[in-house]
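User: I have a structure here that I have never looked at before. Could you walk me through it?

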Amino acid sequence: MAQAQRVFTLPRQLSFSPPQVLNPFVQEKRLDAKDKYRAVLFGLILLPLRALGMLLILLMAWPFAFLATSCSCQKAGVPLLGWKRSVSNTSLGFLGRALFFAMGFRVKVRGRPASHSEAAIFTVAPHSSFFDGIACVLAGLPSIVSRSENLNAPILGRILQALQPILVSRLDPDSRSNTINEISRRTTTEEGWPQVLIFPEGTCTNRSCLITFKQGAFIPGVPVQPVVIRYPNKRDTVTWTWQGNTFLQALVLTLCQLYTNVEVEFLPVYTPTCEEKDSPILFANRVRCKMACALDVPVTDHTYEDCRLMISAGQLTLPMEAGLVEFTKISKKLNLNWGNIRDQLDQFAAIASASKGGRIRIDEFASYLKLPVSDILEELFALFDRNGDGTIDFREYVIGLSVLCNPANTEETIQMAFKLFDLDDDGVISENEFASVIRSSLGLPDLDVCKLFKEIDADKTNKLSYEEFKDFALKHPEYAKLFTTYLELQRCQVEMQSDVNDHTPPPKTPVSKKISGPKNKIYPQNSEDDNSGASDKKDD
């Protein structure tokens, strides 16, 4: 559909433009056959040696962790002090470095870790692997945020306890607020707690961008030290994200490499302004921009909720990436929550289920609406199709419903449409009346609308009451926009006809030859005093 053929232009807002990185949750660079053969060859020797070395180091670390945490008052919320902290930090810090050396990591450090007086919080990104724990070792073993059940893991649970973690419980509905309160308490009091290290992205990505930072590290309003991690390797074996290697695959493949490079850079401490202290979102975004500049990567508005949508899309037999919408941006700008977007994903899947690419084509769109492809339907489809590629992806569908269809689906519009269909003013719509209006508005005299009529006719009386009509319209807002698009096209054609006639009075009925409609009491006689409210083409 070329732009020159359009009756009216498509308003577009740059803030809804697609992100520079469409899917930050997929591992793009996978090992080829040669790399896998190389990994097997090295792995025959390196894998058993490194696995044995890792086990010995963890066994050596356990007594020190047990000594530091035995008879401690951890449950009372008291930090480790004195010799216990010294034993813990010195021994576990050394063994932590030895552990990554045993796994084959060549570590390069830039900058220096800030002291507690300089910055109480380390913010580490991008978070792409469980190997990112190297940042914790190099930062001096600060506290981390961890699930409470991890303390029950053999050997590792006791070592984790020695780090004095901030525990999160999946069973506690107040866990999120309790975690934020604990971070604030530890970083704003003088009780002797260690610094806190947080991965503000909240989930693993492929390091191609920085996604939305969660606010937990920025709510206390204290100085933070940004820390960036790079893995400058020809072969990417460390990435552990939603679409790619499993935990075991990433671990084994990394251990089978001759060596793995990692760079950890401690950036200058970022001290928040008064404005940033009052706005954790602003604080988080500015720190993220600093880190993105250091990494030379873009930022996007993806978040963990996008990952949940990816999983849901996969369960609905769609490609997983079909669920990506940039949840932070879309939910904020369109005032949608997780439940709204999840419900719309079900609707989208019902339309696009036959499409292997997870996109809606115009024939599928027409089939869903139980209407043929027509000029009016092409106009509506083009309003949804923001990038003009001839398909509608889920992100475009969500924006289209919220910006185009839902605003059009007002009580006034529904009443106007009902009056248009009710040709004899008897308060109900017969199948003949319904078919007459649909056929004439689409210019298709032989169109069969029986299926659509039966779907609206909930009580099977062969007549549509206003309540039935309204209930169907509220559940299918696409039809409201289709109706207002029809009126908009009529109005535009009347104006163009008026220009051609050069101030000649407009015809009594504003129906063009291209799209003819029934004589009715809805559409105005004068294009100057038209019912402009019927067109809700919103500047999206």
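**A first look**

Analyst: Of the contacts in the protein with a separation of 6 or more, 73% are between residues 24 or more positions apart. Please keep in mind throughout that this is a predicted model.

User: How many helices and strands does the protein have?

Analyst: The protein has 19 helices and nine strands, and buried residues make up 51% of its 540 residues.

User: Which residues touch the most other members in the largest nonpolar core?

Analyst: Those are Phe365, Tyr397 and Phe434, in a core of 60 residues. Helix H14, which covers residues 394-408, gives this core its largest share, seven residues. A separate core of 36 residues lies apart from it, with Ala65, Phe105, Phe122 and Tyr231 among its members. As general background, nonpolar side chains in soluble globular proteins tend to be buried together.

User: What does Phe434 touch?

Analyst: Leaving out residues up to four places away in sequence, Phe434 touches Phe421, Ile429, Val449, Leu452, Phe453, Ile456 and Leu464. As for Phe365, it is one of the buried residues of helix H12 (residues 362-369), along with Glu364, Ala366 and Leu369. H12 is followed by Lys370, which has a positive phi, near 60°.

User: What sort of residues line the largest cavity, and which helices supply them?

Analyst: The lining of the largest cavity divides into 20 nonpolar residues, three polar and no charged. At least two lining residues come from each of helix H15 (411-421), helix H16 (431-442), helix H17 (450-456), helix H18 (466-475) and helix H19 (478-500).

User: Now Asp457: is it buried or exposed?

Analyst: Asp457 counts as buried because its relative accessible area is 2%, and buried means under 20%. Asp457 is found in the loop between H17 and strand E9 (463-464), and it touches Asn462, Lys463, Leu464 and Glu468 when residues up to four places away in sequence are not counted. Asp457 and Phe472 are 15 residues apart in sequence, with 9.0 Å between their C-alpha atoms.

User: And where is Met310 found?

Analyst: Met310 is found in helix H9, and it counts as buried because its relative accessibility is 0%. Without counting residues up to four places away in sequence, Met310 touches Asn23, Phe25, Trp242, Gln243, Met320, Gly323 and Leu324. The C-alpha atoms of Met310 and Phe25 are separated by 9.4 Å, although the two residues are 285 residues apart along the chain.

User: Which strands do the buried residues of H5 pack against?

Analyst: They pack against strand E2 (121-125), strand E3 (143-147), strand E4 (166-168) and strand E5 (196-198). The buried residues of H5 are Ser175, Thr179, Ile180, Glu182, Ile183, Ser184, Arg186 and Thr187. H5 itself covers residues 175-188, which is 14 residues, and it reaches 20 Å from its first C-alpha to its last, close to the 20 Å expected at 1.5 Å a residue.

User: Back to the backbone: which residues does the cis peptide bond join?

Analyst: The cis peptide bond joins Ala125 and Pro126, with omega at about -5°. Pro126 has its place in the loop between E2 and helix H3 (134-138).

User: What about phi of Asp296 and Glu326?

Analyst: For Asp296, phi is near 60°, a positive value in a residue other than glycine, and phi of Glu326 is likewise positive, near 60°. Asp296 is found in the loop between helix H8 (280-295) and helix H9 (304-315), whereas Glu326 lies in the loop between H9 and helix H10 (327-334).

User: Of those two, which is buried and which is exposed?

Analyst: Asp296 is exposed, because its relative accessible area is 71% and exposed means over 50%. Glu326, on the other hand, is buried, with a relative accessible area of 2%.

How values were computed: Residues are numbered from 1 along each chain as its sequence is written. This is a predicted model: local features need pLDDT of at least 70, side-chain atom pairs count only at pLDDT 80 or more; totals for chains, interfaces and linings use all residues. Side-chain values use heavy atoms; hydrogens and water are left out. Helices (H or I, at least four residues) and strands (E, at least two) are DSSP runs, numbered from the N terminus. Ala, Val, Leu, Ile, Met, Phe, Trp, Tyr, Cys and Pro count as nonpolar, Asp, Glu, Lys and Arg as charged, and the others, Gly among them, as polar. The expected span of a helix is 1.5 Å times one less than its number of residues. Buried means under 20% relative accessible area, exposed over 50%, partly exposed in between (1.4 Å probe, protein chains only). Contact means heavy atoms within 4.5 Å. A nonpolar core is a set of buried Ala, Val, Leu, Ile, Met, Phe, Trp, Tyr and Cys residues joined through side-chain atoms within 4.5 Å.
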